[in-house]
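This report describes selected features of one model, beginning with a single loop residue and moving on to sheets, a helix and a ligand site.

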Amino acid sequence: MTKKKVAIIGATGYTGSELVRILVNHPEVEITMITSETYAGKNITDVHPFLQGIADFKLHSVEDIDDANADLVFLALPHGVSMDFVKRFQNKPFKIVDLSGDFRLQTPEVYEEWYQKAHSFSQGFSLAKFGLPELFSEEIKQSNLVANPGCFPTGAILGAAPLLVGDYIEASPLIVDSKTGVTGAGIKSKPVNLYSNVNDNFKAYGLKKHRHTIEIQEVLGAAAGNDIAVQFTPHLLPIDRGILSTIYAKPKKSITDNDLQEIYSKFYAAKPFVRLRNQVPATKDVRGSNFCDIYTTYDDRTGMIIVISAIDNLVKGAAGQAVHNMNLMLGLDESAGLNLVPVQP
Ligand SMILES: NC(=O)C1=CN([C@@H]2O[C@H](COP(=O)(O)OP(=O)(O)OC[C@H]3O[C@@H](n4cnc5c(N)ncnc54)[C@H](OP(=O)(O)O)[C@@H]3O)[C@@H](O)[C@H]2O)C=CC1
Ligand SMILES: CC(=O)N[C@@H](CCC(=O)OP(=O)(O)O)C(=O)O
């Protein structure tokens with residue numbers, strides 16, 4: 001079978017280079033172009049030596065994109081930048097998976113409120129589908145533009161969706177307390193992510209206004225069929241990869257651990273990348289893989305359900321999920337190229 005052709009725009013970043021790492025082993029896809037504006041003309045191994053001998057690809061300028069003859073293009077660009085490329089590529093013959101937040105929300109007005117910046121391509125909102133395959137695989141298959149979910153929303157939505165869709169919990173407030181590794185912030189250096197600020201440290205940030213709050217709230221609200229209020233607080237851990245989210249919810253009626261296991265098993269039956277765990281998951285259980293591990297329990301002392309989800313922010317939270325979306329959009333086996341065994345220890 002002829003392989004499908006794909007290109008990666010922004011390949012030098014963390015999610016772009018993770019896409020290269022995953023796609024070089026994809027059996028039905030070939031990378032025909034990777035781009036960088038800063039390093040155009042150099043080789044990706046000049047920026048990411050770990051790819052030497054595996055993906056010695058030249059970096060092109062995005063201006064060369066037509067030469068890629070791509071069936072699908074990944075945009076691994078910062079939000080606020082991606083939207084201009086989606087606009088510019090709207091009449092091109094390839095499909096797009098956008099890893100940024102530019103088309104994940106329901107309207108440009110909500111985007112501008114939460115991202116505090118103007119949107120340059122509001123028409124894109126009606127074209128884009130939210131790329132969480134466990135919930136929206138049929139829409140994704142039909143779409144030419146998929147907005148890959150944010151890393152925190154991936155763990156939070158997968159953790160809470162079975163309870164909200166089945167109407168088992170009070171919809172508000174839903175408490176999501178998440179901890180992330182530093183690669184979530186991207187490859188560009190920022191003072192807040194300096195070694196001396198992150199190492200041997202732990203802090204909360206983005207209280208009440210992190211842009212992922214609205215992403216989680218919109219998707220879970222739509223899945224539940226009513227408005228919900230999400231209390232989301234991210235924290236920065238001194239680790240490279242991984243997000244652990246702890247979700248607290250109040251059940252509408254009494255519930256047991258067995259009930260929870262049954263609800264989640266039914267909801268995620270035949271979903272290859274959700275693993276329901278009978279121990280509390282850790283970030284290292286999923287490191288380097290496309291799994292979202294989920295643990296559920298009920299605390300009869302407080303009357304609260306506790307759900308814990310773990311993902312690798314660069315894989316299930318970004319590049320792996322983008323490849324899953326690509327598989328669906330190109331009519332390939334949904335798991336192709338994603339048999340990634342977690343890295344231990
Ligand atoms: N890191 C993570 O865990 C996750 C990230 N995301 C999202 O994925 C996207 C990419 O993230 P990430 O890989 O971490 O980001 P990085 O900052 O690591 O990389 C982004 C890349 O985009 C390129 N770039 C930056 N500005 C421009 C520009 N104006 N024009 C063209 N290219 C530009 C840069 O490449 P060059 O200078 O070489 O051109 C850079 O390497 C972001 O929108 C992010 O929010 C989503 C989920 C998880
Ligand atoms: C550690 C860290 O800074 N993480 C990022 C999450 C980045 C991400 O995945 O989200 P988007 O694609 O929506 O930007 C943050 O909290 O902003």
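Leaving aside residues up to four places away in sequence, Ser143 touches Lys95, Leu127, Lys129 and Met329. The model is a predicted one. Ser143 sits in the loop between helix H6 (133–142) and strand S7 (145–147). Its relative accessibility is 4%, and because buried means under 20%, Ser143 counts as buried. A polar atom of the Ser143 side chain lies 2.8 Å from the backbone oxygen of Leu145.

**The parallel sheet**

Strand S7 belongs to an open sheet of 7 strands in the order S3-S2-S1-S4-S5-S7-S6, with parallel pairing. Strand S3 (59–60) and strand S6 (129–130) are at the edges with a single partner strand each, so one side of each has no neighbour in the sheet. Within this sheet, strand S1 (residues 4–9) pairs with strand S2 (residues 29–35) in the parallel sense over 6 bridges. Lys4 stands opposite Val29 in S2. Helix H1 (residues 14–23) lies across S1, S2 and strand S4 (72–75), and runs at about 155 degrees to S1.

**The mixed sheet**

A further open sheet has 7 strands in the order S9-S10-S8-S11-S14-S13-S12, and its pairing is mixed. Its edge strands are strand S9 (203–204) and strand S12 (274–276), each of which pairs on one side only. Helix H7 (residues 151–165) packs on this sheet, touching strand S8 (174–180), S10, strand S11 (243–249), strand S13 (292–299) and strand S14 (304–311). The direction of H7 makes about 140 degrees with that of S14.

| Strand pair | Sense | Bridges |
|---|---|---|
| S9 and S10 | antiparallel | 2 bridges |
| S12 and S13 | parallel | 3 bridges |
| S13 and S14 | antiparallel | 7 bridges |

For individual residues, the bridge partner of Ala204 is His235 in S10, and that of Val274 is Cys292 in S13. Asp299 stands opposite Met304 in S14. S13 and S14 form a hairpin with 4 residues between them. In the turn of this hairpin, Gly303 has a positive phi of about 75 degrees. Of the 8 residues of S13, 6 are buried, so the strand is largely enclosed by the rest of the structure.

**Helix H4**

Helix H4 (residues 108–115) has Pro108, Val110, Tyr111 and Tyr115 buried. Viewed down the axis of H4, the buried residues fall within an arc of 155 degrees, so they line one face of the helix. Glu109 and Glu113, on the other side of H4, are exposed. What do the buried residues of H4 pack against? Their contacts are with helix H3 (82–88), helix H5 (124–127) and helix H9 (211–224). Gln116 follows H4 and has a positive phi, near 55 degrees.

**The ligand site**

Ligand 1 is surrounded by 26 residues, of which the closest are Thr12, Thr15, Ser36, Thr38 and Leu77. At Tyr14 a polar backbone atom is involved, at 3.0 Å from an oxygen atom of ligand 1.

Conventions. Residues are numbered from 1 along each chain as its sequence is written. Chains are lettered from A and ligands numbered from 1 in the order in which they are written. This is a predicted model: local features need pLDDT of at least 70, side-chain atom pairs count only at pLDDT 80 or more; totals for chains, interfaces and linings use all residues. Side-chain values use heavy atoms; hydrogens and water are left out. Buried means under 20% relative accessible area, exposed over 50%, partly exposed in between (1.4 Å probe, protein chains only). The arc is that of the directions from the helix axis to the C-beta atoms. Contact means heavy atoms within 4.5 Å. Two strands pair if DSSP finds at least two bridges between them. Axes are lines fitted to C-alpha atoms, for helices over the stretch in contact, and angles run from 0 to 180 degrees between N-to-C directions. A residue is near a molecule or strand if one of its heavy atoms lies within 4 Å of it. A polar contact is a pair of N or O atoms within 3.5 Å; within protein, one must be able to donate a hydrogen and the other to accept it, and residues adjacent in sequence count only if both atoms are side-chain atoms.
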